[in-house]
Each structure stands twice: as structure tokens, then as C-alpha cells.
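Please open the model in your viewer and keep the selection tool at hand.

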Amino acid sequence: MAENKDRKKQEKKKPSALNIVKGAEGGRQGSASPGKSDRRHGRQLPTSEYVKGVLDGDRTILGKAITLIESNAPAHQDQAQEVLKELMPHTGGSIRVGITGTPGAGKSTFIETLGTYLTDRDHMVAVMAVDPTSSLTKGSILGDKTRMQDLGRHPNAFIRPSPSGGTLGGVARKTRETMLVFEAAGYDVLLVETIGVGQSEIAVRSMVDFFLLIMIAGAGDELQGIKRGVMELADAVVINKADGDNVKRAKMAREEYARALHYLQPRAEGWTTEVHTASAIKGTGIPEIWELVEEYREITQRSGYFEKQRRQQSKEWLHSMLREKIHSLFYNNEEIQKLLPAIENAVLEGKIPVTQAAWELLQKFEKKLKNEKK
Ligand SMILES: Nc1nc2c(ncn2[C@@H]2O[C@H](COP(=O)(O)OP(=O)(O)O)[C@@H](O)[C@H]2O)c(=O)[nH]1
Ligand SMILES: [Mg+2]
């Protein structure tokens, strides 16, 4: 493969990613030489084959298209965008449901039971997760795979573990794009699980139509305090594990949460957030919760809120991508990287005011951008 300037830049910055970049560039030039990325990602197909395969609901190609979207290699990302552009007219036809709740509340079990309930009723169900920690622990992926074994075998279901590695922003982008691919392939129910801690809940909230919070009875007051912020994001709350000795406690918890919700502004226009009890293991309460989702869709589609929320989400997604890109352009800029330590020190030592330091760096950056344009 020919040397080029881009490659040289990459070599300097990230020697470990070199092989992946090499393979990707081979792909871009249409060369058939197998680099490491070919082995990792399988050979890239022509764009039209991804598009046709996805639209035909071909599971193998669907998997490959998602792998393409998840790849960090620039050539893969370029092609992924081409594929997505072709698929766009066929997207949007699903109900997108986010599922959150503290670890151990039963999210994965709930998804397995709900997913099976839906596939038995001829729905096409895709399951995804947003877990920016998954590359570190691997635990959640393995755990979910065993928990979703039956669903995973169903021909109408497709389970895709969280894309691993990278920032929350990166993982969220990949999940959003994967959702579009699933829709183009005819999946009409998308279920997205969060890890239930930190910012991943906000990220998933911003990509779904309906957000379901799964709680358990008696998890402690301090926990409920943490969850209050998340309760404001929910369109419905489920008290799970309402089985065996736990039924009574679950019902009491439901009353308690319903009272708490009473004082909160409902999140969606024209909708009241309800609390239900369920047992993901026994399957009780699951049909009622699905009915609620259907009702939500009906009401909000009629009022126009459904579409309005989606448009708003796209707009926010655009801005968050721009912010991320601008951030990385700035911090990866060679000149900025050279200047930054000295300016940081000057700020630390109180030699220049912070505002001045920021303006100086930004002016350098702006100049650099202008020069590059020439
Ligand atoms: N008794 C009971 N246990 C449940 C129920 N749902 C989940 N569990 C158990 O709770 C544990 C955590 O479940 P999991 O689905 O992995 O929770 P997640 O971390 O929220 O995804 C597992 O041992 C499940 O078997 C339920 O409805 N009833
Ligand atoms: Mg889980």
C-alpha cells in the first residue's frame, strides 16, 4: 500500500491503531489486500450489497452493516455514512424504547421476557445496549448473553451487545446509527438497555421515544434519592421482582412512587407517568406494560408530540456531534498541543488571566484553520 501524508500523521499519533488504519485504506482504494482490519471486521462489501441485504432483512449482512458502523477506521466510517444515507428513507418506522434502572434491578431479564412476548406476537425486536464501560469489564455483555439466550435464538429477534470502547459520545452515536439500520431491516420494536449509572441514562433518553425505569422495592432511601433525577426522565416506572414474598412490598413501593410522581411534571405532553408492578421472571405485568407503550405511541402520535420529540432529538444529536468534533479538532491540533503546556503553566502561576489564555489559544486555532483552507 502506498505511503501517504495521512498515514504518516496517524503513525505519529497512534502507532497502535496503525494496522487498522492500513486495512481501512486498502478498503477505500478498493484494494483486495487483507490487512488486519479485514480479519477483524471481515471483508467490506460494496455499499449496494449492504443496502440490499439490510432491506431484505438478511441477518448476516445486517450484522456486517452494524460492524461497519461500529468500526473506527476512517474508510469504514465513510462507507457506513454512504450506507446510512441510502437506508434513511426506510428508517423511523419503529417504536424506540429505552430501559434503565440500577444494576441488578432486572433490566436484561425484563428485556428477555418482553422481547419474547413481542416476538411471539410477530413483532420484530432488536435489542441494544449503551455501555461505555463494556470494553473494560466485558461482564455485562456476557451476563446479558446468558440472560437473553431464548430471545437470542428467536428468528424475529436480534441482540447486539454494546459497541465496546470509546467515549460515551462515540458509543451513543454508533447505537443511534445501528437503530436506523434495524429500522430499515424491518424491526418494529427497538429496546435499548442502559447500564443504569451515570450519563448513559441521559444518552439513551435522548435517542428513544419511550423511557422505562425499572426499580425494585426496598432498595434503600439513598438509592431512591439518586433515582429521583432519573424519575423525571421516565415515561413509566416498573417495580420489578413482584413475585413470591416480594409482592406486598412491591405494591407498597408502587404506591410510594406514584405519590412521588404526582408532584413531578409529566415528561411528555399529554401523558401521565404511571407506576406498575411486574415480575420479569414470571412474566406477570409484562402485557400491561406493553399496552402502556402502545397507548403512549397512539396518544403522542395523534398530538404530534411523538414526531416533535424525534425532530428535537435529531437536532440535539447534530449539536452534540458538532461539539465533539470541534473539541477533538482543537485538542488534536499540533500547534495547540505545542502551546498548551506553557499557557497552562502561565495560568497556574497566575501570570495571565484565564480568559486571555483561552482567547490566545482560540485565536491561534482560528488562524491555523484559515491557513489550512488556503
Ligand atoms: N425474583 C426475581 N428476580 C429477578 C427478576 N428479574 C430479574 N431477577 C434477577 O435479578 C438479577 C439481576 O437481573 P438482570 O436482568 O441481570 O438485571 P440488570 O442488571 O438490571 O440487567 C438476576 O439474578 C435475575 O435473575 C424478577 O422479576 N423476579
Ligand atoms: Mg443487564
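This is a predicted model: local features need pLDDT of at least 70, side-chain atom pairs count only at pLDDT 80 or more; totals for chains, interfaces and linings use all residues.

**The whole chain**

The chain has 374 residues, and 36% of them are buried.

Now display the strands. In what order do the seven strands of the open sheet lie? The order is β3-β2-β4-β1-β5-β6-β7, and the pairing is parallel. Select β3 (157–160) and β7 (274–277), which stand at the edges; each has a single partner strand, so one side of each has no neighbour in the sheet. If you look along the sheet, the twist from one strand to the next averages 20 degrees.

Move to strand β2, residues 125–130, and its pairing with β3. The two are joined in the parallel sense by four bridges. Within this pairing, M128 stands opposite R160 of β3. Strand β2 also pairs with β4, again in the parallel sense, over six bridges. Here M128 stands opposite V192 of β4.

Next, select β4 (189–194). Are the residues of this strand buried or exposed? Six of its six residues are buried. The cover extends to both faces: V189, L191 and E193 are buried on one side, and L190, V192 and T194 on the other. Strand β1 runs parallel to β4 and is joined to it by five bridges. In that pairing, G98 stands opposite V192.

Select ligand 1 and the residues around it. Which of the 16 residues come nearest? They are G106, K107, S108, T109 and K241. Helices α7 (107–119) and α9 (139–147) each contribute at least two residues to this shell. The largest share, three residues, is supplied by α7. By class, the shell contains four nonpolar, eight polar and four charged residues.

**Two loop residues**

Keep K241 selected, and find its place in the loop between β6 (236–240) and α14 (247–262). Its phi is positive, about 65 degrees, although K241 is not a glycine. K241 has 25 C-beta neighbours inside 10 Å. A residue counts as buried at 20 or more such neighbours, and therefore K241 is buried.

For the second residue, go to D122, in the loop between α7 and β2. D122 likewise is not a glycine, yet has a positive phi, of about 70 degrees. Is D122 buried or exposed? With 8 other C-beta atoms within 10 Å, D122 is exposed, because the limit for an exposed residue is 12 or fewer.

**Helix α4**

Select helix α4, residues 47–55. Its buried residues are Y50, V51, G53 and V54. Some of the spacing among them can be read with a general rule in mind. An α-helix has 3.6 residues a turn, so residues three or four places apart point the same way. The buried residues of α4 pack against α5 (59–70), α6 (74–87) and α11 (168–184). Following α4 is G57, with a positive phi near 75 degrees.

**The helix pair α17 and α18**

The last stop is helix α17 (residues 334–348) together with helix α18 (residues 354–373). How do their axes cross? They come within 10 Å of each other and cross at roughly 170 degrees. The two helices are therefore roughly antiparallel. On the α17 side, the contact is made by E335, I336, L339, I343, A346 and V347. On the α18 side, V354, A357, E360, L361, K364, F365 and K368 take part. Colouring these residues by class gives nine nonpolar, no polar and four charged.

Conventions
Residues are numbered from 1 along each chain as its sequence is written. Chains are lettered from A and ligands numbered from 1 in the order in which they are written. Two residues are in contact if their C-beta atoms, placed from the backbone, lie within 7 Å. A residue is near a molecule or strand if its C-beta atom, placed from the backbone, lies within 6 Å of it. Ala, Val, Leu, Ile, Met, Phe, Trp, Tyr, Cys and Pro count as nonpolar, Asp, Glu, Lys and Arg as charged, and the others, Gly among them, as polar. Two strands pair if DSSP finds at least two bridges between them. Axes are lines fitted to C-alpha atoms, for helices over the stretch in contact, and angles run from 0 to 180 degrees between N-to-C directions. Angles under 35 degrees count as roughly parallel, over 145 as roughly antiparallel, 65 to 115 as roughly perpendicular and the rest as oblique.
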